[in-house]
Amino acid sequence: MGRLTTAAAAVAAVTALALTACGGGDSGGGRDSQTDEGKAYVDAMMSTYSADMGFTEPQARCIAELAIDTVGVQALEDAGITPDKMNSSEGLLADYTPTTEQADQLVDGVFGCVDFGELMVSQMAADDTVALPEDKVRCIGNEMAKSEAFKDSLKADMLGIEATTDDAAIDEAIFGIFDTCE
């Protein structure tokens with residue numbers, strides 16, 4: 001995550017946290033997160049929520065439900081992951097590795113739960129060393145949320161794999177974002 005900003009790191013942390021709580025079931029209108037089993041995973045994940053993550057509690061819950069709906073309770077149960085194991089796990093994914101397709105869905109979905117431009121503004125406001133105008137920071141966050149290179153890096157962090165986008169392309173994307181927002 002060397003190139004990711006504080007806000008990006010917060011997205012990665014909450015997304016990884018959400019992945020540890022993924023759940024399923026087949027009632028609840030097709031949404032695993034709305035089943036009793038799914039709710040147990042959401043509750044276990046939310047028990048580790050902290051405002052220090054940079055997200056509001058409703059945003060974190062949205063991400064947890066997204067993860068549960070994406071991965072499913074059955075997949076976690078098949079992997080031997082219970083809410084108790086997930087809640088006490090020191091591993092980011094509680095021994096569950098999402099598929100590439102699941103990771104793509106989660107990364108895309110995170111930006112539906114969180115306005116990344118506003119997240120960047122709140123993170124930068126907390127960081128006294130950054131002296132950029134709020135509108136520029138918001139622009140940077142919004143452009144990062146659109147960047148395939150950034151999403152690829154975030155997905156790689158979630159899966160613990162190498163990004164398919166090379167460092168030069170990531171640098172180019174970041175510099176392009178700053179150019180767009182200046």
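Which residues form one aromatic cluster? Keep that in mind as you open the viewer; the tour ends with the reply.

This is a predicted model, where local features need pLDDT of at least 70, side-chain atom pairs count only at pLDDT 80 or more, and totals for chains, interfaces and linings use all residues. Residues are numbered from 1 along each chain as its sequence is written, and side-chain values use heavy atoms, with hydrogens and water left out.

**Stop one: the core.** Select Phe111, Phe116 and Met144, which touch the most other members of the largest nonpolar core, a set of 39 residues. Such a core joins buried Ala, Val, Leu, Ile, Met, Phe, Trp, Tyr and Cys residues through side-chain atoms within 4.5 Å; buried means under 20% relative accessible area with a 1.4 Å probe, protein chains only. Now colour α3 (57–71), which gives the largest share of this core, 7 residues. Helices here are DSSP runs (H or I, at least four residues), numbered from the N terminus.

**Stop two: the rings.** Show Phe111 and Phe150: their ring centres are 6.4 Å apart and their planes stand at 55°, so the pair is tilted. Phe111 sits in helix α6 and Phe150 in helix α9, so this pair ties together parts 39 residues apart in sequence.

Phe116 and Phe150 are both buried. Together, Phe111, Phe116 and Phe150 form the cluster.

Definitions and conventions: Buried < 20%, exposed > 50% of the residue type's maximum accessible area, 1.4 Å probe, protein only. Helix = DSSP H or I, 4+ residues; strand = E, 2+ residues; numbered from the N terminus. Phe/Tyr/Trp six-rings, centres within 6.5 Å; stacked < 30°, edge-to-face > 60°.
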